[in-house]
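Trainee: Hi! I have a new structure open and would like to get to know it. Could you walk me through it?
Mentor: Happy to, let's have a look together.

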Amino acid sequence: MKSLISKMIVTGLFGLACIGLFPTVHAVEALTSGEVIKVDKATKRITLKHGDIKNLGMPGMTMAFGVKDPAMLNQVKAGDKVKFFAEDLKGGLTVTRIERDK
Ligand SMILES: [Cu+2]
């Protein structure tokens, strides 16, 4: 009886540990390579020629994205090679991370 209870406790803890690990796995963002075609500060949109976006299941193309933070539009300019992360948020496809590709 005692060992059954301890088995249940161990199983329960293991289950919690698995749940605890999941967000870490989910947080690994695969950045997509792209090139900035146009930065439009007035409409807060950026046009990118991008490679395959795995998390969105999107093949390479040139398209406009919204940005999570308008300040991101000051970090890059047309012609820059970039690495970025885009997500399907309520306001549409949105770049949530962008950095110049050195
Ligand atoms: Cu696209």
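**Getting to know the fold**

Trainee: Which residues make up the largest nonpolar core?
Mentor: Keep in mind that this is a predicted model. Its largest nonpolar core has 12 residues in all: Val-36, Ile-46, Leu-48, Ile-53, Phe-65, Val-67, Val-76, Val-82, Phe-84, Ala-86, Val-95 and Ile-98.

Trainee: Which elements give two or more residues to this core?
Mentor: Those are β2 (45-50), β3 (61-67), β4 (81-89) and β5 (92-100). The largest share comes from β4, with 3 residues.

Trainee: Let me pick one of them. What is Ile-46 in contact with, leaving aside its neighbours within four places in sequence?
Mentor: Ile-46 is then in contact with Val-36, Val-39, Ala-64, Phe-65, Val-67, Leu-73 and Val-95.

Trainee: Okay, stepping back. How many helices and strands does the protein have?
Mentor: There is 1 helix, and there are 5 strands. Reading from the N terminus, the order is α-β-β-β-β-β.

Trainee: And in what order do the strands close into a barrel?
Mentor: The order is β1-β2-β3-β5-β4, and the 5 strands pair in a mixed way. On average, neighbouring strands of this sheet are turned by 55° against each other, direction ignored.

Trainee: What about β4 and β5, parallel or antiparallel?
Mentor: Antiparallel for β4 and β5, with 8 bridges between them. Look for Ala-86, which stands opposite Val-95 in β5. Both Ala-86 and Val-95 belong to that nonpolar core. A hairpin through 2 residues joins β4 to β5.

Trainee: Over how many bridges does β1 pair with β4?
Mentor: Strand β1, residues 32-40, pairs with β4 over 4 bridges, in the antiparallel sense. There, Gly-34 stands opposite Val-82 in β4.

Trainee: Changing topic to the loops. Where is Asn-74 found?
Mentor: Asn-74 sits in the loop between β3 and β4.

Trainee: Why does Asn-74 count as exposed?
Mentor: Because Asn-74 has 10 other C-beta atoms within 10 Å, and a residue is exposed if that number is 12 or fewer.

Trainee: How far apart are Asn-74 and Val-39?
Mentor: Their C-alpha atoms are 8.8 Å apart in space, while the two residues are 35 residues apart in sequence.

Trainee: Where would I find Leu-56?
Mentor: Leu-56 is in the loop between β2 and β3. Leu-56 is partly exposed, because 13 other C-beta atoms lie within 10 Å.

Trainee: What does Leu-56 touch, not counting residues up to four places away in sequence?
Mentor: Leu-56 touches Ala-86 and Asp-88. As for Leu-93, it lies 37 residues away from Leu-56 along the chain, and their C-alpha atoms are separated by 9.2 Å.

Trainee: Last bit, the whole protein. What percentage of the residues is buried?
Mentor: Buried residues make up 15% of the 102 residues. As for contacts with a separation of 6 or more, 45% are between residues 24 or more positions apart.

Key:
Residues numbered from 1 in each chain as written. Predicted model: local features only at pLDDT ≥ 70, side-chain atom pairs only at ≥ 80, totals over all residues. Core = buried A, V, L, I, M, F, W, Y, C linked by C-beta atoms within 7 Å. Buried ≥ 20, exposed ≤ 12 C-beta atoms within 10 Å, placed from the backbone. Contact = placed C-beta atoms within 7 Å. Pairing = 2+ DSSP bridges. Axes fitted to C-alpha atoms, helices over the stretch in contact; angles between N-to-C directions.
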